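Please open the model in your viewer and keep the sequence panel beside it. The stops below say what to select and what is there.

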Amino acid sequence: MKLSKSLSSNIIIAAIAAVVIVWFYPHPETSRYNYEEGRPWNYAQLIAPFDIPVHPDSLTLQRARDTLDAHFVPIYEFNQLKADSIVRALPASPGNNYASRVGTALRRLYAGGVVDADTREQITSGKLKKVRILEKNILSEMSTADFLSPREIYTRLDSQFRKDEDLHHYFTAINLPELLEPNFTINDTESKRHYEYDYLTLTADRGLILQGQSIIDKGAIVTPQDFTNLRTYEAMLAARNTGTSTNDILLFLGQFLYVALLLTSLLCYFYFFRRDIFDRRQAMVFIISLITIFFLLSTGLNLFIQGGIYIVPMMIVALLTLVFFDGRAAIMTSLVSTLICAGITTFALEFIFLQFCATGAAVYSLSELSRRAQLLRTSFIVVLAYIGAYISLELLMNGSLEGFSPRMIVFLLINAALTSMSYILMFAVERIFGFVSTVTLVELADINNPLLLKLSDECPGTFQHSIAVSNLAADAAQRIGADVQLVRAGALYHDIGKLSNPAFFTENQHGVNPHDALPPERSAAIIINHVADGLKLADKAGLPEVIRNFIREHHGAGLAKYFYFNACKAAGEGTAVDPAPYRYPGPNPRSVETSLLMMADSVEAASRSLTDHSQASITALVNKIIDGQIADGLHNESPIAFRDIDIIKKTFVKRLMTIYHSRVAYPGGTAPAAQ
């Protein structure tokens with residue numbers, strides 16, 4: 001069986017997405033379970049397959065570190081010869097005993113202990129009340145009450161010797177600060193070794209979980225100690241599974257099948273229920289890429305932030321799909337995206353329920369986006385749905401709000417705020433994939449648009465005709481369920497090509513018809529060229545492709561019949577006239593909306609020539625024009641249904657009857673004077 005081109009390409013796109021997603025899924029070497037401290041254990045009772053040491057939990061480790069930092073006594077070394085070496089370095093003082101007197105004072109001060117400035121600062125601040133002295137591998141504690149810094153020793157000696165001027169002169173001349181050094185210095189190596197030893201003593205293992213014992217029971221709250229035990233178990237399990245085991249292969253296969261089945265269900269939905277989307281490669285690339293990108297974003301945030309997946313604005317998936325397609329496609333796409341991301345969450349049920357409630361609220365509140373403020377309202381409704389769903393889950397699972405997490409509420413508020421960014425992403429998607437949102441169509445339909453203002457100034461008749469066609473087609477589009485905003489915008493721009501030669505079109509003429517001086521073939525060429533001219537203006541103005549389709553298809557491959565019949569009349573009976581020069585380039589309408597415009601364009605133009613505006617006359621005109629187009633095969637490429645054509649005819653008749661209704665004739669003469 002040969003696959004269609006769209007089916008095979010979509011399968012390839014989905015397969016690539018599945019491989020990328022599974023590549024970033026949690027694998028055996030990282031974690032077999034998803035859990036959080038302070039939340040219930042959602043799996044079956046976990047039995048130890050081997051002996052597991054009970055390491056202290058993170059809180060105990062931190063407390064041990066804090067206690068040790070507060071009470072650890074550093075180790076210092078004492079240099080007994082430091083004072084003697086300084087005294088020997090003092091310059092001699094012939095004829096007096098100044099050197100001896102300074103040396104005696106130095107020995108007395110050094111006997112109390114001299115330390116560096118940093119140590120002295122710790123002592124004065126009360127952080128270092130004692131030190132340990134290492135001497136011949138024996139540690140002894142010593143009070144730091146008498147310790148001084150070199151600067152303090154110099155200050156004391158300076159004050160002491162000021163009474164004797166000659167002695168003080170000698171003291172200042174010997175440059176004593178260059179000689180003073182501590183005799184108690186910290187031993188960093190021994191201090192660090194004893195610090196680590198004391199820390200290991202305080203944080204020693206607390207026993208064993210023997211093989212066959214329970215690590216944690218189902219539904220139990222994960223305490224800090226349970227969390228540490230589970231991490232130890234996973235680390236030991238990963239160390240034992242150094243090679244690729246059969247279980248690892250099966251787990252990887254299960255993940256791939258899970259993702260592949262979800263993407264397959266998405267393809268099946270679009271294949272059977274939205275074939276118009278399925279057959280558009282850009283549309284399917286956009287939808288599958290959107291799912292993949294938000295999965296990767298969720299994986300990244302969840303890796304660096306605990307519970308970070310709840311910050312990811314998953315509603316953007318639903319909103320972008322809703323804006324460019326419809327609500328059903330948005331719900332299906334969001335559902336598949338949620339189920340794929342649920343595989344990396346700690347609490348899959350909670351995540352799925354939250355996203356399901358938020359998706360429903362988002363789709364309901366934004367049935368049609370036409371104003372920027374609607375997104376802010378939707379973001380507000382989304383956060384209310386999130387919070388309501390979260391509270392209901394807490395009550396359901398715990399029977400109380402004791403486990404209510406303000407942190408989760410903050411995450412959900414950030415999520416809702418980021419959801420409003422979909423307005424910016426919407427324009428990026430339009431540029432990349434060529435889609436057109438309702439907001440863009442509303443902006444294009446604004447008659448203050450520069451191109452429409454130019455049409456109004458230079459071709460007022462054409463502008464009024466375009467507005468009338470827009471209203472006529474939009475009314476019919478609403479009745480048959482077509483895209484009203486698209487039809488309205490397309491109708492306003494379908495005749496912009498007439499800006500090149502305004503006077504050659506009847507609605508812009510004022511008594512002078514330039515076609516009277518031209519042969520029929522030349523006149524037909526000018527009229528037909530308004531399609532090509534319109535496309536050039538559309539390219540210059542950057543109009544979307546869907547709007548250009550209205551310009552390109554509103555005459556299809558039909559004939560410029562007026563000039564063709566004139567040519568036949570001029571050629572005489574029995575002379576064949578080649579219709580090719582009188583035929584529009586096409587293509588014929590390929591969508592319901594462009595078919596609707598072709599009908600409305602011809603009917604509105606022809607209705608202006610009616611002298612009898614009765615219902616019978618208008619009905620006959622509408623039937624004649626639309627049936628003639630169908631007979632000419634102009635709507636053969638359009639998916640429009642016969643039932644829709646019947647509704648369109650009735651809508652046109654009703655609308656034209658309203659436009660051309662008869663008015664009351666006011667009596668002439670002079671009004672009677674007021675009494």
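## A patch on the surface

Select Val-19, Leu-250, Leu-253, Phe-256, Leu-257 and Leu-261: together they make a nonpolar surface patch with about 560 Å² of accessible area. A patch takes residues with over 30% relative accessible area and no salt bridge, joining like charges within 9 Å and nonpolar side chains (Val, Leu, Ile, Met, Phe, Trp, Tyr) within 5 Å. Accessible areas come from the Shrake-Rupley method with a 1.4 Å probe, and for residues only the protein chains shown count as cover. This is a predicted model, numbered from 1 along each chain as its sequence is written, in which local features need pLDDT of at least 70 and side-chain atom pairs pLDDT 80 or more, while totals for chains, interfaces and linings use all residues. Side-chain values use heavy atoms, with hydrogens and water left out.

Now colour helix 10 (residues 246-273), which supplies the largest share of the patch, five residues. Helices (H or I, at least four residues) and strands (E, at least two) are DSSP runs, numbered from the N terminus. Leu-261 lies in helix 10 and is exposed, with a relative accessible area of 60%. Here buried means under 20% relative accessible area, exposed over 50%, and partly exposed in between (1.4 Å probe, protein chains only).

Next select the open sheet: four strands in the order 5-4-3-6, with mixed pairing. Strand 5 and strand 6 (184-186) are its edge strands, each pairing on one side only. On average, neighbouring strands of this sheet are turned by 40° against each other, direction ignored; the axes are lines fitted to C-alpha atoms, for helices over the stretch in contact, and angles run from 0 to 180 degrees between N-to-C directions.

Two strands count as paired if DSSP finds at least two bridges between them. Strand 3 (residues 75-78) and strand 4 (residues 130-135) are parallel and share two bridges. To see one of these, select Ile-75 and its bridge partner Arg-132 in strand 4.

Move on to strand 5 (residues 138-143), which is antiparallel to strand 4 and joined to it by six bridges. Val-131 has Met-142 as its bridge partner, and Glu-135 stands opposite Ile-138. In the hairpin of these two strands, two residues lie between the strands, and Lys-136 has a positive phi near 55°.

Asn-175 also has a positive phi near 55°, in a residue other than glycine. Select Asn-175 in the loop between helix 7 (165-173) and strand 6; at 41% relative accessibility, this residue is partly exposed.

A search of the whole structure finds 23 salt bridges; the term stands for a side-chain nitrogen of Lys or Arg within 4 Å of a carboxyl oxygen of Asp or Glu. Select Asp-164 and Arg-101, whose closest N and O atoms are 3.4 Å apart in a salt bridge. Asp-164 sits in the loop between helix 6 (150-161) and helix 7, and Arg-101 in helix 4 (residues 98-112), so the pair ties together parts 63 residues apart in sequence.

Then go to helix 8 (residues 188-202), where Arg-193 and Glu-190 are three residues apart and separated by about one helical turn. Their side chains meet in a salt bridge (2.7 Å, N to O). Which of the two is buried and which exposed? Arg-193 counts as exposed at 52% relative accessibility, whereas Glu-190 is buried at 18%.

A further pair is Glu-507 and Lys-498, with the closest N and O atoms 2.9 Å apart. Glu-507 is partly exposed at 27% relative accessibility, and Lys-498 is buried at 8%. For a network, select Arg-274, Asp-276, Asp-326 and Arg-328, which are joined by salt bridges that share partners.

## Buried parts

What does Thr-462 touch? Leaving out residues up to four places away in sequence, Thr-462 touches Leu-455, Asp-495, Lys-498, Glu-507 and Asn-508, where contact means heavy atoms within 4.5 Å. Thr-462 lies in helix 21 (residues 460-480) and is buried, with a relative accessible area of 0%.

Now select helix 22 (residues 484-493): eight of its 10 residues are buried, so the helix is largely enclosed by the rest of the structure. Among the buried residues are Leu-486, Val-487 and Tyr-493. Their cover includes helix 19 (438-444), helix 20 (450-458), helix 21, helix 24 (545-553) and helix 26 (592-607).

Finish at Pro-587, in the loop between helix 25 (561-571) and helix 26. A cis peptide bond joins Gly-586 to Pro-587, with omega about 5°.
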